[in-house]
Amino acid sequence: MRALLLTLICALPAVAQARLEVVATLPDLAALAREVGGDAVAVTALVDANEDPHYVDPKPSLVLPLNRADLLIVNGLELEVGWLPPLQVAARNGNIQTGADGYFDASSVVDRLNVPGGKVDRAQGDIHPGGNPHFVFDPRAAARIATALGDRMARLDPTHAEQYRANAKALHDRLDALAERERARFAALPASKRQVVIYHDSLPYLADWLGLTAVAFVEPRPGIPPTPPHVAKVLQRMKKAEARVILQEAFYPKKTSETLARLAGGQVVVLEGGARFDQGDTYSARITRAAQAIHAALSR
Amino acid sequence: MNGPRAWAALVGLALGAALPARAAAPDDPGLDPAEQAALEAALHADAAAVEDAVHPTPVVVAAGAGSSNPDISLVLDTAGAWFSDDPAQLGGHDPNRTGFVLQQLEMNVVSNVDPFFRFEANIVFAEFGVEVEEAYATTLALPGNLQLRAGQFLTRFGRLNPTHPHAWDFVDQPLVNGKFFGSEGSRGLGAEVSWLSPLPWYAELAGAVTNAHQACCARSFYGGDDLGVEDPRDLLATLTLKQFFDLSRTWGLKLGLSTQLGPNPTGQGNRTDIYGADLYLRYRDPGSRGALSLQVEGMVRSRQVPDDRLQDAGGYAQLVWDIDPEWSVGGRYEYVSGVEDDPLDPAWDTARQRASAQLTYYPSHFSRLRLQGNHDRLPDRDDALWGAMLALEVVVGAHGAHGY
């Protein structure tokens with residue numbers, strides 16, 4: 001009798017739903033979830049690879065996957081604060097409300113950088129009080145997210161717990177190896193070569209991982225568009241430090257960066273905003289492409 | 001004769017303020033030791049009391065700094081305006097005089113209450129005082145794709161009505177909203193139930209029941225006359241259907257149908273019906289911050305009055321181009337018909353037309369400066385009314401996101 005009950009309880013989730021419905025805001029998080037979940041999950045990404053995750057149109061169609069979701073994966077640290085909360089409410093889905101088991105905040109498992117020490121003031125620009133939210137650019141952070149995702153999926157769907165944990169462990173190890181390999185490759189470059197200019201303050205995790213030094217930002221303050229006097233200062237600093245590479249994501253305007261690069265005799269490296277999830281891209285492939293493009297530019 | 005008395009008061013105050021300091025000085029010759037000791041003891045006691053009172057405060061602050069604090073934001077809308085003649089704006093927060101105007105200072109408070117409810121309030125401070133514009137709770141996890149909302153809220157009629165001036169593309173409220181609903185739009189105390197359909201595209205049905213009175217917010221119905229509720233038909237019913245279609249990666253189309261049915265005060269059983277349709281077509285490449293959006297809204301109204309049925313209609317069409325994160329430009333055309341012997345708007349016997357153009361500059365995501373020009377043809381005036389407005393908006397605090 002007890003065995004029968006147990007079987008029934010175990011079989012219930014499998015009967016109620018064939019696959020765990022997972023929705024991730026960022027395509028990088030969606031790619032990680034797909035690798036951890038394998039064929040036991042169906043994953044949807046709300047943000048396009050080359051869409052600025054700060055400014056997403058909260059299209060009502062995004063409510064539909066949220067309405068069905070068993071698990072919502074968010075980046076957190078207020079990255080999605082400008083568009084996700086009303087969609088979450090409109091989804092009418094208790095599983096994925098903030099604090100529920102089906103709500104996974106990736107920022108809760110990573111080491112945060114640039115956590116403001118004093119009072120947060122908007123005169124400093126669009127800064128995030130909990131720390132810089134762009135940690136998906138560091139595969140070491142991604143590795144920790146993979147492990148935590150494995151545990152969370154195992155809790156939500158115990159039938160496939162073994163599979164989730166095994167996939168997560170394997171992905172974690174692959175990402176750590178990748179991170180170490182690239183870190184060592186960049187460390188072989190002289191420190192003077194590892195200087196960059198960054199468009200928006202979105203790459204401190206990438207800089208930390210690859211040992212890059214940001215000599216300037218093209219935006220005077222996060223989220224404030226560049227002004228002529230500031231850009232002149234950036235050029236001065238680039239020339240003085242002999243930094244020749246400007247890094248930015250695809251969704252930021254490129255003209256200013258291209259002009260700066262031309263005047264400083266350098267180049268712009270445009271990074272994809274995330275994995276091309278809808279084309280089957282993996283996180284490892286995407287982050288390796290980014291590291292290779294930066295390495296190639298720095299070694300010139 | 002006020003001069004000497006004021007001086008005396010000031011001197012007295014200065015002396016009073018100086019007294020404790022002098023008393024605390026040990027070598028003060030004007031006080032005997034007993035007096036000095038008594039004063040010092042009193043000062044110590046006060047200081048200790050202040051310290052005791054202060055001690056618990058850091059604990060409260062620490063708790064408040066956690067995530068249990070609601071998100072609170074303030075939106076300040078202020079403007080300078082000029083009109084070629086007496087202004088005739090209809091919106092409660094529209095600049096409506098030549099000179100400076102405080103359109104509103106809106107305090108928005110949002111928080112999840114528990115796993116079952118979300119709370120939202122908009123409290124508006126204006127030149128005339130303070131009002132609770134909205135305060136309601138929304139359910140988060142009802143079964144059957146249902147959602148309930150209760151409290152005071154803007155009804156979901158049409159596209160513009162459920163939103164706040166902060167989310168509008170123009171400085172002022174469309175004329176048809178002001179004429180049919182009132183200066184604050186369609187708003188009331190009541191309850192709403194909505195349902196997300198299981199269709200493969202977004203289709204949401206909502207029905208609300210609210211009080212039918214309030215001059216600001218239900219003027220086609222009971223308006224300023226609270227005639228009470230003796231029958232369910234004495235309440236105001238609002239029904240809406242909203243649908244959204246992802247036409248492509250870059251184009252989105254939202255369509256809405258709305259109706260509002262309720263009693264009017266012109267006689268027993270006299271009713272008002274308002275029907276509306278709205279369209280929002282938006283182009284945006286997800287890889288850029290630029291966008292182009294077309295918004296069209298039309299409404300027809302039918303009122304039973306003694307011995308007659310009054311019918312009028314109105315609407316607006318606007319095109320807004322967000323050039324980049326800093327600049328936006330838009331144009332709007334409005335048309336609202338009139339009827340003879342209208343008990344609400346006796347002078348509005350023929351159509352009123354207004355054309356507007358705006359240019360907006362966003363120094364950051366949290367501030368904007370908007371210049372708008374209006375050309376208004378009113379039914380009861382020979383000359384066109386021209387208007388120009390320069391409006392500043394600033395937002396501080398954690399402000400909730402806007403819908404599509």
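**Entry: helix α2 of chain A**

I started by asking which residues of α2(A) are buried. My list reads P27(A), D28(A), L29(A), A30(A), A31(A), L32(A), A33(A), V36(A) and G37(A). "Buried" here is under 20% relative accessible area, with exposed over 50% and partly exposed in between (1.4 Å probe, protein chains only). That puts nine of the eleven residues of α2(A) under cover, and I noted the helix as mostly covered. Helices are DSSP runs of H or I with at least four residues, strands are runs of E with at least two, and both are numbered from the N terminus.

Ground rules before going on: this is a predicted model, where local features need pLDDT of at least 70 and side-chain atom pairs count only at pLDDT 80 or more, while totals for chains, interfaces and linings use all residues. Residues are numbered from 1 along each chain as its sequence is written, chains are lettered from A and ligands numbered from 1 in the order in which they are written, and side-chain values use heavy atoms, with hydrogens and water left out.

Next I looked up what the buried residues of α2(A) pack against: β1, β2, β3 (71–74), α5 (139–156), α6 and α10 (283–299) of chain A. Contact means heavy atoms within 4.5 Å. Just past the end of α2(A), I found G38(A) with a positive phi of about 60°.

**Entry: α2 against α6**

I checked how α2 (27–37) and α6 (161–187) of chain A pack: the angle is about 125° and the axes are 7 Å apart. Axes are lines fitted to C-alpha atoms, for helices over the stretch in contact, and angles run from 0 to 180 degrees between N-to-C directions. That makes α2(A) oblique to α6(A); under 35 degrees is roughly parallel, over 145 roughly antiparallel, 65 to 115 roughly perpendicular, and the rest oblique.

From α2(A), the residues involved are L32(A), E35(A), V36(A) and G37(A), and among those they meet in α6(A) are Y164(A), L171(A) and R174(A). I sorted the contact residues into six nonpolar, three polar and two charged.

**Entry: the sheet in chain A**

I traced four strands in an open, parallel sheet, ordered β2-β1-β3-β4. Two strands pair if DSSP finds at least two bridges between them. β2 (41–45) and β4 (103–105) of chain A each have a single partner strand, so one side of each lacks a neighbour in the sheet. I got an average twist of 20° from one strand to the next.

How many bridges join β1 (20–24) of chain A to β2(A)? I found five, and the two strands run parallel. Within that pairing, V23(A) has T44(A) as its bridge partner.

**Entry: the disulfide in chain B**

I looked for disulfides (cysteine sulfur atoms within 2.5 Å) and got one over all chains. It joins C216(B) to C217(B), S to S 2.1 Å. The S-S torsion of C216(B) and C217(B) is about -75°, so I logged the disulfide as left-handed. C216(B) is buried at 18% relative accessible area, and C217(B) is buried at 1%.

**Entry: chain B and G262**

I counted four helices and 16 strands in chain B, and 42% of its 404 residues are buried.

Is G262(B) buried or exposed? It is buried, at 0% relative accessibility. I placed G262(B) in β9 (251–263) of chain B. Beyond neighbours within four places in sequence, G262(B) is in contact with F221(B), L235(B), L236(B), R271(B) and T272(B).

Conventions: Nonpolar A, V, L, I, M, F, W, Y, C, P; charged D, E, K, R; others polar.
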